Amino acid sequence: MTRIPGWLLRHRITIEPYLGDSAYGPTYGPEQTGVPALVAESIRLARAPDGRQTVSTAQVLLAPGTTVPTGSRITLPSGRTTVPISVATLDAPGLPVPAHVEVVCE
């Protein structure tokens, strides 16, 4: 399996993994700082897990194996905090394309 080259992951983000809801609102795990990523802050139409169309304002590519539960908080290099709409692991065994995790954010 070909991995996305590390030199492409020029940005650093912070991920606070979503753990669930409590009586006081959402709870998050310990933050993971300095996670290598490639961030594109652009507006695109995306589809949420429930099938509705929504607007994505950032797309993030991460190394394979990076865990980002839906509902987590992500702090982008610009300082803006966002939440993933969808998370997908993209790999193509046997094909010369790099495996990576794609996060589409609100």
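**A friendly note on the sheet, its core and an aromatic pair**

1. Strands here are DSSP runs of E with at least two residues, numbered from the N terminus, and two strands pair if DSSP finds at least two bridges between them. β4 and β7 run antiparallel and are joined by four bridges. A word on the source: this is a predicted model, in which local features need pLDDT of at least 70, side-chain atom pairs count only at pLDDT 80 or more, and totals for chains, interfaces and linings use all residues. Residues are numbered from 1 along each chain as its sequence is written, and side-chain values use heavy atoms, with hydrogens and water left out.

2. Seven strands make up an open sheet with antiparallel pairing, in the order β9-β8-β1-β4-β7-β11-β10. At its edges are β9 and β10 (84-90), each of which pairs on one side only. Strands of a sheet pair through backbone hydrogen bonds, in either a parallel or an antiparallel way.

3. What is the bridge partner of valine 60 in β11? That partner is valine 103. Five bridges hold β7 and β11 together in the antiparallel sense. On to β10, which six bridges join to β11, again antiparallel; threonine 89 stands opposite valine 101 of β11.

4. Burial comes next, where buried means under 20% relative accessible area, exposed means over 50%, and partly exposed lies in between (1.4 Å probe, protein chains only). β11 is largely enclosed by the rest of the structure, because five of its six residues are buried. β7 is mostly covered too, with four of its five residues buried.

5. The largest nonpolar core has 14 residues, and those touching the most other members are Ile13, Val60, Leu62, Ile74, Leu76 and Val103. At least two residues of this core come from each of β1 (11-16), β4 (32-40), β7 (58-62) and β11 (100-105). Such a core is a set of buried Ala, Val, Leu, Ile, Met, Phe, Trp, Tyr and Cys residues joined through side-chain atoms within 4.5 Å. Leaving aside neighbours within four places in sequence, valine 60 has contacts (heavy atoms within 4.5 Å) that include Ile13, Ala37, Leu76 and Cys105.

6. Have a look at threonine 82 as well, in strand β9 (residues 81-82). Threonine 82 is buried, at a relative accessible area of 4%. Its side chain reaches the backbone oxygen of glutamate 106 at 2.7 Å. Not counting residues up to four places away in sequence, threonine 82 touches Ser72, Arg73, Ile74, Leu76, Cys105 and Glu106.

7. Finally, there is one aromatic pair in the structure. The ring centres of tyrosine 18 and tyrosine 28 are 6.2 Å apart and the planes are at 65°, so the pair is edge-to-face. (Rings of Phe, Tyr and Trp, the last by its six-membered ring, pair if their centres lie within 6.5 Å; planes under 30 degrees apart are stacked, over 60 edge-to-face, and the rest tilted.) Tyrosine 18 is partly exposed, with a relative accessible area of 25%, and tyrosine 28 counts as partly exposed at 23%.

Technical notes:
A polar contact is a pair of N or O atoms within 3.5 Å; within protein, one must be able to donate a hydrogen and the other to accept it, and residues adjacent in sequence count only if both atoms are side-chain atoms.
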